[in-house]
Amino acid sequence: MTLGTPDPVAIAFFAVFIAITLGITYWAARRTQTADHFYAAGRSVTAGQNGFALAGDYMSAASFLGIAGLVSTSGFDGLIYSTGWLVGWPVVLFLIAEPLRNLGRYTFADVVASRLDPMPVRISATVGTLATIAFYLIAQMVGAGSLIRLLFGIPYETAVVIVGCAMMAYVLFGGMLATTWVQIVKAVLLLGGAATLAIMVLAKFGFDPRALFAAAAAKYGAGVLAPGKLVSNPLDAISLGMALMFGTAGLPHILMRFYTVPDARTARRSVFIATGLIGLFYLMTFVLGFGAMVLVTPESIKAIDAGGNMAAPMLAELLGGRAFLGFIAAVAFATILAVVAGLALSGAAAISHDIWASVIRKGHPKPGEEIKVARIATVVLAVVAMILGIAFKGQNVAFMVGLAFAIAASANFPALVLSVFWRRTTTAGAASSMIVGATSTLVLIALSPAVQIDLLHHATAIFPLKNPALVTIPLSFATGILVSLLRPNPASEARHEAIETRLLLGAD
């Protein structure tokens with residue numbers, strides 16, 4: 001393997017992608033003048049465009065680099081992430097997409113606050129949003145740093161800073177319009193690159209996936225095709241699955257995409273398109289992971305990157321040479337940049353729209369002030385992302401995103417469901433659900449084997465599960481219900497009836 005040696009072809013692919021995306025940003029910047037354009041692309045995105053953008057936003061570094069790495073080093077258990085992330089989309093389609101588009105403006109907190117006291121709700125929602133974004137950003141920055149370091153031979157820390165600066169440029173100047181088209185370009189490139197690589201793997205085995213799996217079993221034992229190598233505790237598997245499934249419906253950067261379309265029907269169609277694209281991609285990660293296991297070997301993958309994140313690029317170089325490695329690396333880099341742009345935009349929206357404009361300015365910000373605050377928040381988020389990316393060097397990116405999903409599933413999803421579908425939900429109930437969900441998840445992650453044993457190298461962990469969703473999701477729901485029942489508010493129940501028509505039909 002020649003990873004770590006600068007290559008003109010790889011650099012050229014990177015340069016072409018950066019040039020295209022900066023061109024998109026320049027074009028979008030000239031059309032981004034109002035908050036509606038900055039946060040929601042003027043609500044002008046079509047179902048097809050939003051479907052590809054949703055897929056581009058969702059298929060992150062964890063999907064491409066992390067899952068392939070986990071499957072290549074752990075076998076069957078790595079596929080838990082693929083299936084867990086995919087089955088979350090029916091929840092989004094049938095429960096979330098339509099109410100979100102009908103009730104909200106820019107952030108998911110708009111929906112929760114639509115019939116409740118907005119100040120405590122928005123503050124609580126921002127806590128969960130920023131915690132989710134922080135963990136998600138860590139995964140993207142770690143993947144980007146590892147990728148650029150191994151491809152160009154530059155220091156990991158420098159690579160993380162480069163990604164952070166590119167992210168700032170997209171969001172600061174182009175807003176949601178630029179982010180949408182960067183995500184569309186990325187989705188097309190990622191699906192094309194993954195399909196090409198999967199076909200090259202299958203060609204080695206007579207285009208028979210069974211022959212690939214048989215080769216993996218013959219080389220490493222039948223255990224690689226059975227569960228238990230990565231997640232041996234059944235409760236851990238259930239907890240991880242819950243986080244991945246319900247976390248999808250609580251991800252702030254995914255929920256924000258539903259505001260870019262003109263109506264709820266378009267939102268539903270875009271989710272349907274995105275689900276098909278994402279399902280197709282995750283089927284290919286099976287082939288990429290086992291292909292890397294058989295052809296590259298786990299030992300070689302771990303020797304290059306301890307987290308296993310370079311399995312797909314190493315497989316690309318083995319099958320297609322340096323030129324194909326350069327293309328796949330550029331695709332992975334596009335993947336990371338598109339996702340971090342979406343994350344930064346949703347974080348900036350939470351700070352500027354939910355906190356500054358709605359809480360500090362009481363819903364009456366000065367003209368242009370909200371966008372200015374959003375851009376300042378983007379810079380702060382980029383700096384924080386760089387710091388966290390450097391601090392978590394060497395972690396598997398799929399695992400880190402799994403923790404982000406646990407926060408989204410515990411802090412955002414229960415409050416969203418309760419406020420939309422349970423008329424007796426009160427402000428205190430929704431706010432306490434979000435705070436307890438976010439806080440309990442962060443505390444249990446800190447006490448889990450993932451931090452205590454894997455990161456801090458302690459002998460034991462206080463909390464036994466690596467992912468706390470099995471505990472924190474029910475706890476968040478129970479908190480919201482109990483507090484609402486103990487502190488009833490007839491006014492919020494009456495407001496639920498008042499917005500019911502708008503909730504279901506989109507009518508004011």
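This is a predicted model: local features need pLDDT of at least 70, side-chain atom pairs count only at pLDDT 80 or more; totals for chains, interfaces and linings use all residues.

User: How do the rings of Phe13 and Phe327 pair?
Analyst: Their centres lie 5.7 Å apart, and the planes stand at 65 degrees. Planes over 60 degrees apart count as edge-to-face. The pair is therefore edge-to-face.

User: Which helices does that pair link?
Analyst: Good follow-up! The two residues are 314 positions apart, so to speak, in distant parts of the chain. Phe13 sits in helix H1 (residues 8-29), and Phe327 in helix H14 (residues 311-360).

User: Where Phe281 and Tyr282 form an aromatic pair, what is the angle between the planes?
Analyst: Phe281 is buried at 0% relative accessible area, and Tyr282 is buried too at 2%. Their rings are 5.6 Å apart centre to centre, and the pair is tilted, with an angle between the planes of 55 degrees.

User: Are H7 and H8 parallel or oblique to each other?
Analyst: Helix H7 (residues 118-152) and helix H8 (residues 156-203) pack with their axes 8 Å apart, at an angle of about 120 degrees. Roughly perpendicular covers 65 to 115 degrees and roughly antiparallel begins over 145. H7 and H8 are therefore oblique.

User: How many residues of the contact of H7 with H8 are nonpolar?
Analyst: Residues including Leu137 and Met141 in H7 meet residues including Val160 and Met167 in H8. Three residues of the contact are polar and one is charged, while the nonpolar ones number 10.

Notes:
Residues are numbered from 1 along each chain as its sequence is written. Side-chain values use heavy atoms; hydrogens and water are left out. Rings of Phe, Tyr and Trp (its six-membered ring) pair if their centres lie within 6.5 Å; planes under 30 degrees apart count as stacked, over 60 as edge-to-face and the rest as tilted. Helices (H or I, at least four residues) and strands (E, at least two) are DSSP runs, numbered from the N terminus. Buried means under 20% relative accessible area, exposed over 50%, partly exposed in between (1.4 Å probe, protein chains only). Axes are lines fitted to C-alpha atoms, for helices over the stretch in contact, and angles run from 0 to 180 degrees between N-to-C directions. Angles under 35 degrees count as roughly parallel, over 145 as roughly antiparallel, 65 to 115 as roughly perpendicular and the rest as oblique. Contact means heavy atoms within 4.5 Å. Ala, Val, Leu, Ile, Met, Phe, Trp, Tyr, Cys and Pro count as nonpolar, Asp, Glu, Lys and Arg as charged, and the others, Gly among them, as polar.
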